[in-house]
Amino acid sequence: MKQTAQASAGAGAPERATPPGDVRVPPQPRAADAPDGFRARDTAVPAARGEHTHSERPIPQPRPAVQRSSVRGQILDALRTALVTGELKPGEVYSAPVLGERFGVSATPVREAMQQLALEGAVEVVPNRGFRVVERGARELAELAEVRALIEVPVLLRLARTVPGERWAELRPLAEETVRAAASGCPATYGESDRAFHRALLALSGNEQLVGIASDLHRRAQWPPVRRGPAYLVADATEHMALLDALIAGDVDVVRGLVAQHFAGVG
C-alpha cells in the first residue's frame with residue numbers, strides 16, 4: 001500500500017499522514033513532465049487578486065464602448081431636438097468640432113451623430129466643411145405626408161377590423177401623453193410623443209419593417225420644423241384621442257375619415 005501511494009505521487013519520498021480535517025493539495029506536474037500542449041500554468045491554482053504571474057498574460061481592460069455609444073446617443077438626441085426646434089437652421093453648415101465645443105465633447109461623437117442624421121435625410125455632408133441642414137419646401141413635405149398616408153392608412157384600416165378594442169385601449173396613455181406634450185408648446189417634445197403614438201398603432205400589425213420605415217418617414221416629415229402654434233399641436237393631439245376612441249369602438253367608417261383628416265394636416 002505504501003509503495004503504491006509513493007508511485008502515484010511520483011516523488012519516491014515516504015507518504016506523510018494527513019491530519020484529520022486538513023485537505024492536501026495533490027502535487028502538480030512540472031513543466032518538463034507535462035505532455036505536449038499542456039503546461040503547468042494550466043493546472044496551477046489561480047493567483048490571488050492583484051497578483052501578477054509571469055506565466056499568464058494580464059487581462060486587458062474592456063474598452064468603454066458602451067459609454068461612447070451613450071455619449072453619441074445623447075448628442076444625437078440633442079441634435080434632433082435642435083433640428084425640430086429650428087435651433088439648427090435649414091441651409092446652414094455646421095462643423096463637428098464647433099458643435100463638439102458647444103456640447104462639451106470631442107468632435108468624434110458629434111460627427112458620428114451627424115452621419116446618422118445624414119442617413120435619415122436631415123443633413124447632408126459638405127466635404128471639408130461639415131454638415132448642412134437640409135432645406136425642404138412645401139412640395140417635399142407634402143410628398144412625405146402622401147407617402148406616410150399610403151403606408152399607414154391601409155394598415156390602420158385593416159387593423160381596425162381585426163384588432164380587439166381592449167388592445168387599442170392599452171394605447172390610451174400614449175394618446176394622452178401627446179395631449180400633454182401639445183399643451184407644453186414645445187415642438188420637440190410633441191414630435192417625440194407623436195411618433196411614439198403612431199409607432200404603437202402600427203406595432204399592432206406585428207411588422208417591424210413597416211414600423212421602422214413609417215417612423216423614419218415621420219421623423220423626416222418633422223424636419224425642418226413647420227412654424228405652427230400651440231393651437232395646431234393641441235388640435236393634432238385631439239385627433240389622436242378621437243382616432244383611438246373610434247378604434248376602440250371598432251367604427252371603421254369613423255376611423256377612415258379621421259385618418260384622412262389627420263394626414264391631410266400632416267399629423
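This is a predicted model: local features need pLDDT of at least 70, side-chain atom pairs count only at pLDDT 80 or more; totals for chains, interfaces and linings use all residues.
β2 and β3 (residues 130–133) run antiparallel and are joined by 4 bridges. In this pairing, V126 stands opposite G130 in β3.

R80 lies in helix α2 (residues 65–85). Its relative accessible area is 16%, under the 20% limit, so R80 counts as buried. Beyond residues up to four places away in sequence, R80 touches Q116, L117, E120, R219 and W223.

The whole structure holds 14 salt bridges. One of them joins the side chains of D245 and R172, at 3.0 Å from N to O. D245 belongs to helix α10 (residues 230–249) and R172 to helix α7 (residues 172–184), so this pair ties together parts 73 residues apart in sequence. D245 is partly exposed at 39% relative accessibility, and R172 is partly exposed at 26%.

A salt bridge also links R220 and D216 (2.9 Å, N to O). Both residues lie in helix α9 (residues 208–221), 4 residues apart, or about one turn of the helix. R220 is partly exposed, at 23%. D216 is partly exposed, at 26%. Elsewhere, salt bridges with shared partners join E192, R195 and R199 into one network. Within it, the side chains of R199 and E192 meet at 3.8 Å, N to O.

How values were computed. Residues are numbered from 1 along each chain as its sequence is written. Side-chain values use heavy atoms; hydrogens and water are left out. Two strands pair if DSSP finds at least two bridges between them. Helices (H or I, at least four residues) and strands (E, at least two) are DSSP runs, numbered from the N terminus. Buried means under 20% relative accessible area, exposed over 50%, partly exposed in between (1.4 Å probe, protein chains only). Contact means heavy atoms within 4.5 Å. A salt bridge is a side-chain nitrogen of Lys or Arg within 4 Å of a carboxyl oxygen of Asp or Glu.
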